[in-house]
Amino acid sequence: MLIYAKQPIYYLIDHYPQKIKKLYLAKELDKKEYSRLMKMGFEIKRIPNEAAVKMSKNANHQGFLAEVEDYTLHDYKSFFDKDFILVLAGLTDVGNIGAIIRSAYALGVDAVVATGVKRLNIEPILRTSTGALFDMPLALEHNIHTVLNDLKMNGFISYGADMGGEDIRKVKIDKKRVLVLGNEGEGLSSRIVSKLDNVVSIKMSHDFDSLNVSVAGAILMDRMRYE
């Protein structure tokens with residue numbers, strides 16, 4: 001698996017150097033930093049910028065690329081002993097998913113379940129999560145109704161994000177909880193909403209359409225923190 005850009009790669013260097021197989025450098029580093037990296041245990045290869053551009057498919061690699069271990073998806077049933085689960089209902093934008101995972105890790109979510117899609121492109125999700133994906137258990141299960149039923153049977157209370165829901169600031173939050181976020185275009189379907197224990201929303205100060213799902217998700221996750 002190939003990732004690029006300085007921030008996610010340095011996250012792995014600082015936290016999971018053992019997951020890096022080979023580091024490619026398309027820029028000069030100062031001698032002290034290069035010496036530090038040489039002691040990390042992974043192979044370092046200098047490459048010209050043209051090669052880096054080709055490897056990153058013309059993306060902004062910032063001079064850093066790395067071959068890393070593949071990410072192993074989890075079984076969502078292994079999350080039943082957790083307290084705070086995030087369920088993504090049909091989200092497909094890898095930038096949004098990566099940003100949500102980054103916020104989820106920062107705001108105390110224990111695990112994430114992606115539903116409504118058959119596969120996930122892990123590389124860009126890892127990159128846009130700036131490496132936080134390696135700290136966040138992620139499962140993939142196509143049928144969200146199975147996931148919600150199983151979580152409910154294991155004591156979870158569900159909260160779904162919808163513009164017509166109750167103000168999240170006024171909702172009692174249970175310790176064993178699930179936050180469900182709908183996809184970028186259509187939100188949560190009526191069938192999913194019918195399965196939820198609570199429907200919540202973020203009340204706006206001004207008349208405005210809606211927030212990006214990753215932004216709304218971060219606000220709701222923060223409101224649902226249990227400390």
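Colleague: Quick one to start: where is the place of K57?
Modeller: K57 sits in the loop between helix 3 and strand 4. Bear in mind that this is a predicted model.

Colleague: And is K57 buried or exposed?
Modeller: Exposed, because its relative accessible area is 73%, and the cut-off for that class is over 50%.

Colleague: What about the phi of K57?
Modeller: Phi of K57 is positive, about 55 degrees, although K57 is not a glycine. As background, most residues other than glycine have a negative phi.

Colleague: Is A5 buried or exposed?
Modeller: A5 counts as buried, because its relative accessibility is 11% and the limit for buried is under 20%.

Colleague: Let's go on to helix 1. Which of its residues are buried?
Modeller: Helix 1 covers residues 6-15, and the buried ones are P8, I9, Y10, Y11, L12 and I13.

Colleague: What do those buried residues of helix 1 pack against?
Modeller: Quite a list: strand 1, strand 2 (20-25), helix 2 (31-38), strand 4 (64-68), helix 4 (94-106) and helix 5.

Colleague: Strand 1 and helix 5 keep coming up. What do they supply to the second largest pocket?
Modeller: Strand 1 (2-4) and helix 5 (122-128) each supply at least two residues of its lining. Helix 5 has the largest share, with 3 residues.

Colleague: Which residues line that second largest pocket?
Modeller: L2, Y4, M55, S56, K57, N121, E123, P124 and R127. So K57 from your opening question is part of that lining, because K57 has an atom within 4 Å of a pocket point.

Colleague: How does the lining of the second largest pocket divide by class, and how much space lies in there?
Modeller: The lining has 4 nonpolar, 2 polar and 3 charged residues. The space in the second largest pocket is about 150 Å³.

Colleague: Changing topic: which residues of helix 6 are buried?
Modeller: In helix 6, residues 144-153, the buried ones include I144, H145, V147, L148 and L151. Those residues are on the same side of helix 6, because they cover an arc of only 160 degrees around the axis.

Colleague: Why would spacing like that put residues on one side?
Modeller: An α-helix has 3.6 residues a turn, so residues three or four places apart point the same way.

Colleague: And what do the buried residues of helix 6 pack against?
Modeller: Strand 5 (84-89), strand 6 (111-115), strand 9 (177-182) and helix 7 (190-195).

Colleague: What caps the N-terminal end of helix 6?
Modeller: N143 does, with a side-chain oxygen 2.9 Å from the backbone nitrogen of H145. Just after helix 6 comes G155, with a positive phi of about 90 degrees.

Colleague: Now cavities. How many of 30 Å³ or more are there?
Modeller: The count is 1 cavity of 30 Å³ or more. The largest cavity has a volume of about 40 Å³.

Colleague: Which residues line the largest cavity?
Modeller: L148, N149, K152, S158 and K195. Helix 6 gives the most to that lining, 3 residues. By class, the lining has 1 nonpolar, 2 polar and 2 charged residues.

Colleague: Last one, A51. Where is its place?
Modeller: A51 is in helix 3, residues 49-55. With a relative accessibility of 26%, A51 counts as partly exposed.

Conventions
Residues numbered from 1 in each chain as written. Predicted model: local features only at pLDDT ≥ 70, side-chain atom pairs only at ≥ 80, totals over all residues. Heavy atoms only, no water. Buried < 20%, exposed > 50% of the residue type's maximum accessible area, 1.4 Å probe, protein only. Helix = DSSP H or I, 4+ residues; strand = E, 2+ residues; numbered from the N terminus. Arc of directions from axis to C-beta. Contact = heavy atoms within 4.5 Å. Polar contact = N/O pair within 3.5 Å; in protein donor to acceptor, adjacent residues only side chain to side chain. 1 Å grid on protein atoms, 1.4 Å probe; cavity = no way out; pocket = protein on both sides within 12 Å on 5 of 7 lines; lining within 4 Å. Points joined across faces, edges and corners; volume = space filled by probe spheres on them. Nonpolar A, V, L, I, M, F, W, Y, C, P; charged D, E, K, R; others polar.
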